[in-house]
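Please keep the sequence and the model side by side while reading.

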Amino acid sequence: MNFKELVKSNRTCRRYDGTKSITRQDLLDLVDLVRYAPCGKNKQALRFALVADEETKAKVFDNIFWAGYLRDWDGPVEGERPGGYILAFEDSNYGKAMTEDIGIAAQTLGLGARAEGKAVCIFRAYRENEIKEALGLGDNLKLVLVVAVGYPLEEVVIDDIHEGDDIKYYRDQDQVHHVPKIVTEDLLINK
């Protein structure tokens, strides 16, 4: 798969194949990719927690918020939940991560997972204190991302739209997840 195909296939996934497991090593391999990615001032301020055990996965799942545009959906059911999670933190012992570093880390995790046939869902909506408590983490850590990882179960398609069209993702009657994306020409300000 060429790079453009990889990027296009790197869609947010919200339903996973629960018959395929994600190991701690799978998660570690993805974090290993992040250490090679660029970051502002080479600060390397992000720290990560890996969650692959059933008990902690359940606690993380209970404290994240799924798909804001899908108002009638509370998240994946048993058998369709993520196989693991990567949690990214700022550690006050190392200083605040730059905003772009968080984005670069998220994209690297997503592309790395996709290259292996896996998929991710990146969360910024979660109950931080409850997640930190579930992991036994201290006040020096600030949660900046939760990344669910698993093998995709759902089909996701990109729908080309134009500037001003509705950008809300949705599911059709066949449960195909549609993601509207503005065409390149409409993204340009100097046409």
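The numbered points below go through the basis of the model, its cores, a helix pair and some individual residues.

1. This is a predicted model, in which local features need pLDDT of at least 70 and side-chain atom pairs count only at pLDDT 80 or more, while totals for chains, interfaces and linings use all residues. Residues are numbered from 1 along each chain as its sequence is written, and side-chain values use heavy atoms, with hydrogens and water left out.

2. The largest nonpolar core has 24 residues, of which Ile64, Trp66, Tyr85, Leu87, Phe123 and Val146 touch the most other members. Such a core is a set of buried Ala, Val, Leu, Ile, Met, Phe, Trp, Tyr and Cys residues joined through side-chain atoms within 4.5 Å, where buried means under 20% relative accessible area, exposed over 50% and partly exposed in between (1.4 Å probe, protein chains only). Two or more residues come from each of β1 (46-51), α3 (54-61), β2 (84-91), β3 (119-123) and β4 (141-150), and β4 gives the most, with 4 residues. Helices (H or I, at least four residues) and strands (E, at least two) are DSSP runs, numbered from the N terminus.

3. A second, separate core of 22 residues includes Ile86, Ile102, Leu109 and Leu145.

4. The axes of helix α2 (residues 24-34) and helix α4 (residues 99-115), as lines fitted to C-alpha atoms over the stretch in contact, come within 9 Å and cross at roughly 130 degrees, on a scale from 0 to 180 degrees between N-to-C directions. That angle makes α2 oblique to α4, since angles under 35 degrees count as roughly parallel, over 145 as roughly antiparallel, 65 to 115 as roughly perpendicular and the rest as oblique. The contact (heavy atoms within 4.5 Å) is made by Leu30, Val31, Leu33 and Val34 of α2 together with Ala105, Thr108, Leu109, Gly112 and Ala113 of α4.

5. Isoleucine 161 is found in strand β5 (residues 156-161) and counts as buried at 9% relative accessibility. Not counting residues up to four places away in sequence, isoleucine 161 touches Asp166, Ile167, Pro180, Lys181, Ile182 and Val183.

6. Which backbone values deserve a second look? Most residues other than glycine have a negative phi. Glutamine 44, in the loop between α2 and β1, has a positive phi of about 55 degrees and is partly exposed, with a relative accessible area of 43%. Alanine 67, in the loop between α3 and β2, has a positive phi near 45 degrees, but alanine 67 is buried at 7%.
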